[in-house]
Amino acid sequence: RERLHRSRERLADRVDRLVLGKKTIDADVMDDLEEILITSDLGVQATQLLLERVSDRVKRKELQDPARLREALREEIARILSVDAPPFDPAAAKPFVIMVIGVNGVGKTTTIGKLARRIKTSGLSPLLVAGDTFRAAAIEQLERWGERIDVPVIRQKSGADPSAVAFDALDAAQARKADVVIVDTAGRMHTKVNLMEELKKVHRVIQKKMPTAPHEILLVLDATTGQNAISQARLFREAMNITGLILTKLDGTAKGGVIVPICHELKLPVRFIGIGEGMDDLRPFDPREFAEALL
Ligand code: GDP
């Protein structure tokens, strides 16, 4: 909550300033509110939806006091963020296979380390798979995380076929009786088509080995990139059957609002949020708590 504060200041303070001294929620207030929401990375569509819902409340006389506008917005935002989806349950299969996808630099490797740490703390044994064989540095980084949190990492040399690494990793998971397999993947965007084909291939190989897997395909997005995060979500969504999102870097940004249009448009649940670089800086996403931090 503390670290999410920065997102909060801006939007909450602006709404507070907007209603200061106002007696009713009139058209002027709604116009100003529209501008505040759009410039807070909530995007046009989600802003329109929020304005409609607020207007409805005003019309129904459920909402009249401008001082309660913020609370109403908070409730409506929480509603948008509460995407209907099965819970994230890594104990639901063995091994439970999680594919983690996303563009380079969004915090994918760090997130995988943090997620493995959470899973380990919960009493399950994770196994990491260095599937971004394109970058030697990515393999090394994942290995460092493995050492740090004492979790095994399955790797091959850089340049190896990522789907072959995933295939071997599933064997290794069975041999080691791992509960959860977390597969890192490449994220180089300059070869978009190749990247998506590669991800699909990794997916196919995993599925061939274990028909119910992958059980989760998590897309990692960097919240500080605002609208870019939305375009990335659209792009990956076209190629992959994403089951959930992880938003990173919410500690240092006033752009956390970008989660709202992403949830609204893609109807994908946010599974976790990253709020720092440390191993314990990954939190389950709570729509209500997040809406409160934002507003
Ligand atoms: P990848 O290229 O997607 O694997 O990205 P990395 O995991 O290497 O992360 C890129 C940078 O973002 C690193 O410096 C991470 O420490 C940093 N990072 C990742 N997640 C967070 C987060 O939640 N908050 C902050 N402040 N930094 C993060």
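This is a predicted model: local features need pLDDT of at least 70, side-chain atom pairs count only at pLDDT 80 or more; totals for chains, interfaces and linings use all residues.
**Entry 1**

I began with the strand order. Eight strands make an open sheet, running β3-β2-β4-β1-β5-β6-β7-β8, and the pairing is mixed. Which strands stand at the edges? They are β3 (153-154) and β8 (282-284); each has a single partner strand, so one side of each has no neighbour in the sheet.

**Entry 2: strand β5**

Next I picked β5, which sits between β1 and β6 in the order. I wanted to know how many of its residues are buried. Seven of the seven in β5 (residues 216-222) are, so the strand is largely enclosed by the rest of the structure. I checked each face in turn. On one side I found E216, L218, V220 and D222 buried, and on the other I217, L219 and L221. So much for the faces; then I looked at the partners.

- With β1 (residues 96-101), β5 pairs in the parallel sense over four bridges. Opposite I217 of β5 I found M99.
- With β6 (residues 244-248), β5 also runs parallel, and five bridges join the two. L219 has L245 in β6 as its bridge partner, and L221 has L247.

How does the chain get from β5 to β6? I followed it through helix α8 (residues 227-239), and this β-α-β crossover is right-handed.

**Entry 3: helix α2**

A straight helix of 33 residues would span 48 Å, at 1.5 Å a residue, but the end C-alpha atoms of α2 are only 12 Å apart. Where does α2 bend? I found the bend at L42, and it is about 130 degrees.

At the start of α2, a side-chain oxygen of D26 comes to within 3.2 Å of the backbone nitrogen of D28. Just after the helix, K61 has a positive phi of about 60 degrees.

**Entry 4: the ligand**

Last, I listed what lies around the ligand. There are 17 surrounding residues, and the closest are G105, T109, T110, D251 and E277.

- T110 places a polar side-chain atom 2.6 Å from an oxygen of the ligand.
- K108 has a backbone N or O atom 2.7 Å from a ligand oxygen.
- G276 has a polar backbone atom 3.2 Å from an oxygen atom of the ligand.

Conventions:
Residues are numbered from 1 along each chain as its sequence is written. Side-chain values use heavy atoms; hydrogens and water are left out. The expected span of a helix is 1.5 Å times one less than its number of residues. The bend at a residue is the angle between axes fitted to the seven residues ending there and the seven starting there. A polar contact is a pair of N or O atoms within 3.5 Å; within protein, one must be able to donate a hydrogen and the other to accept it, and residues adjacent in sequence count only if both atoms are side-chain atoms. Buried means under 20% relative accessible area, exposed over 50%, partly exposed in between (1.4 Å probe, protein chains only). Two strands pair if DSSP finds at least two bridges between them. A crossover is right-handed if, with the strands pointing away from the viewer, the path from the first strand over the helix to the second runs clockwise. A residue is near a molecule or strand if one of its heavy atoms lies within 4 Å of it.
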